[in-house]
Amino acid sequence: MKIWREYTLTISLLFILVFFWEVTARIINMAFILPSPTAILVKLWELKVVLIAEHLPATLLIIFIGLAISILLGVGLAVSMNQSKIIEKAFYPLIIFSQMVPTVALAPIFILWFGYSIWSKVLVTVLITFFPITINTYDGLRSGSKELKELLLTMGARKKDIFFIVNVPTALPHFFSGLKVAVTFSVIGAAIGEWLGAQAGLGYFSRRMMTQFDGAGVFAPIILLSVVGILLFLLVKWIENKSLKWRQSQ
Amino acid sequence: MDNTVLEFNSVTFSYSGPDNDTKILDSLDFRVQEREFVSIIGASGSGKSTLFRLISGLEQPSIGEILINGNYLTNRLGHVGYMPQQDLLMPWRTIVENAALPLQINSYRKDEARKQVTALLDEFGLSGYENRYPGDLSGGMKQRVSFLRTILTGAPVLLLDEPFSALDAITRLSMQEWLMEQWEKRKKTILFITHDVNEALYLSDRIFVFNQTPVHALEEIKIPMKRPRNLKDLNRPEMIALKDRLLDQLRLKVKP
């Protein structure tokens, strides 16, 4: 079990932290403020049907739609900026600026615009996930070696050839780095969106439990959200390894 | 008989800087015949690589003209084969895919390109490696892939820019012998940049010495060795004398 050995330290540390949490929670003994890990797990088990069948799909839908839009938008922007100096000059500062705006503070406005429909949540998700994809892909497209491009020119390559033969493959690892950051952000984005206004979803459920002073109920969907984030990350990593097989020979 | 494949007619070239232009070539004339092996030797920064950039069409002369196969072409890109100093193999492509690059650019069908490459792999000592990645190959093998890629451009004139400079001495010797075989077999014209006097003497019909910047006239040395050659021929007295002469000339250029 190579994986097990590799993560021994992480798992041990996690156990120690959870153990202290359990002990502290039991000493404080106010479950609505600090529920113990065991209480959370029990709650998760009790709520498993409603969380997994009803609220998880709602959140996943936001995550997937948001990520899909982010990938299209991010890659589209990165390619356009790579192709045109004018587009780059116009958009690049705005893209940076879009990240200075506190998304969490803006989210209520999206609720006003789109109501409780899925699009307000998708917009929050897109706003925080398109950035790492755009910037990484853009940098990746620029990182192709000048010597290699010149070599292609001496072979009579056109602009299109250089783009697909040099730029796209060099950008791919960068794109995946961006996507790995984006998928973890997407979970946060969806949860924030749901927090502010929704009729279903893990974020919404967590907030509803807060109004009922159900500490364990607040944490249970959050545990599920973290699991979603980790699984998405692993999925991207798996796709990355599949499509960048050559890196194993480095 | 005129079998000139490459001709420079009073070519002048300068790199334009922000303050002043740096003249590299000053009305330079030379000709290279078909199936000749010409080495270009000179101190670093003497404009050897610039010469290749001009021939391949990456740069244009300020004045003068460059003729390839007797034709004056403004766009020479795609007409000569260029093999760079670093192998510049793409790590994400397999050996076959790397070698097939010029075929891909010339819109060959994928299976046709693959067939052409595979047919040559054995001679290039690469059979069994077709689906491996450059990361799996030794330095000498990578240079052979790079040379194969240059051959597959189909160009009659090949420009090799210090192709063996990164290899260890032993690999280098065997690569030189191998290159000589390939050159004879494939009937190509080769221009070869090197720092290594022995390498130049062993491989070339003629050596051009870049001896001043800007380069105005090339010092040209004919190598009086019959082919096929043997590395031991370099130990003959007239070759040693020639080598000393060359080294003296080069030493003059490298002033402290």
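Predicted model: local features only at pLDDT ≥ 70, side-chain atom pairs only at ≥ 80, totals over all residues.
The UniProt record, an unreviewed entry, lists residues 56-236 of chain A as "domain: ABC transmembrane type-1". In the model that span is 87% helix and 0% strand, and its end C-alpha atoms lie 20 Å apart. The record, again as an unreviewed entry, also places the feature "transmembrane region" at residues 49-79, 91-116, 122-141, 185-205 and 217-239 of chain A. Residues 91-116 of chain A are 77% helix and 0% strand, with 30 Å between the end C-alpha atoms. Residues 122-141 of chain A, on the other hand, are 100% helix and 0% strand, and here the end C-alpha atoms are 27 Å apart.

How do the helices of chain A sit against one another? Helix α9 of chain A, residues 159-196, is a handy place to start, as it takes part in the pairing with α11(A), residues 215-243. The axes of these two helices come within 9 Å and cross at roughly 165°. At that angle, α9(A) is roughly antiparallel to α11(A). The crossing of α9(A) past α11(A) is right-handed. On the α9(A) side, the contact is made by P173(A), F176(A), L179(A), K180(A), V183(A), T184(A), S186(A), V187(A) and A191(A). The α11(A) side brings in L225(A), V228(A), G229(A), L232(A), F233(A), V236(A), K237(A), I239(A), E240(A) and S243(A). Sorted by class, this contact of α9(A) with α11(A) has 12 nonpolar, four polar and three charged residues.

Helix α9(A) also meets α7(A), residues 118-142, with axes that come within 7 Å and cross at roughly 160°. This angle makes α7(A) roughly antiparallel to α9(A). The residues of the contact of α7(A) with α9(A) divide into 15 nonpolar, 13 polar and two charged.

UniProt, in an unreviewed entry, places "domain: ABC transporter" at residues 6-237 of chain B. Over that span the chain is 30% helix and 26% strand, and the end C-alpha atoms are 33 Å apart.

One sheet of chain B is open and has six strands in the order β6-β7-β8-β3-β9-β10, with mixed pairing. Strands β6 (81-83) and β10 (219-222) of chain B stand at the edges with a single partner strand each, so one side of each has no neighbour in the sheet. From one strand to the next, the twist averages 20°. Within this sheet, β3(B), residues 37-42, and β9(B), residues 206-210, pair in the parallel sense over five bridges. G42(B) stands opposite F210(B) in β9(B). Helix α6(B), residues 169-186, lies across β3, β7 (157-161) and β8 (189-194) of chain B, and runs at about 160° to β8(B).

Another open sheet of chain B is made of four strands, ordered β2-β1-β4-β5, and its pairing is antiparallel. At the edges are β2 (21-33) and β5 (71-72) of chain B, each of which pairs on one side only. Strand β4(B), residues 63-68, is joined to β5(B) by two bridges, the two strands running antiparallel. Here I68(B) stands opposite N71(B) in β5(B). Helix α1(B), residues 48-56, lies across β1, β2 and β4 of chain B, and runs at about 115° to β1(B).

Finally, two details of the chain B backbone deserve a mention. S10(B) has a positive phi of about 35° although it is not a glycine, and S10(B) sits in strand β1 (residues 4-16) of chain B. Elsewhere, R227(B) and P228(B) are joined by a cis peptide bond, with omega about 0°. P228(B) is found in the loop between β10 and α8 (237-253) of chain B.

Technical notes
Residues numbered from 1 in each chain as written. Chains lettered and ligands numbered in written order. Heavy atoms only, no water. Axes fitted to C-alpha atoms, helices over the stretch in contact; angles between N-to-C directions. Parallel < 35°, antiparallel > 145°, perpendicular 65-115°, else oblique. Left-handed = near helix turned anticlockwise from the far one by under 90°. Contact = heavy atoms within 4.5 Å. Nonpolar A, V, L, I, M, F, W, Y, C, P; charged D, E, K, R; others polar. Pairing = 2+ DSSP bridges. UniProt positions renumbered as here; feature names shortened; annotations may be inferred.
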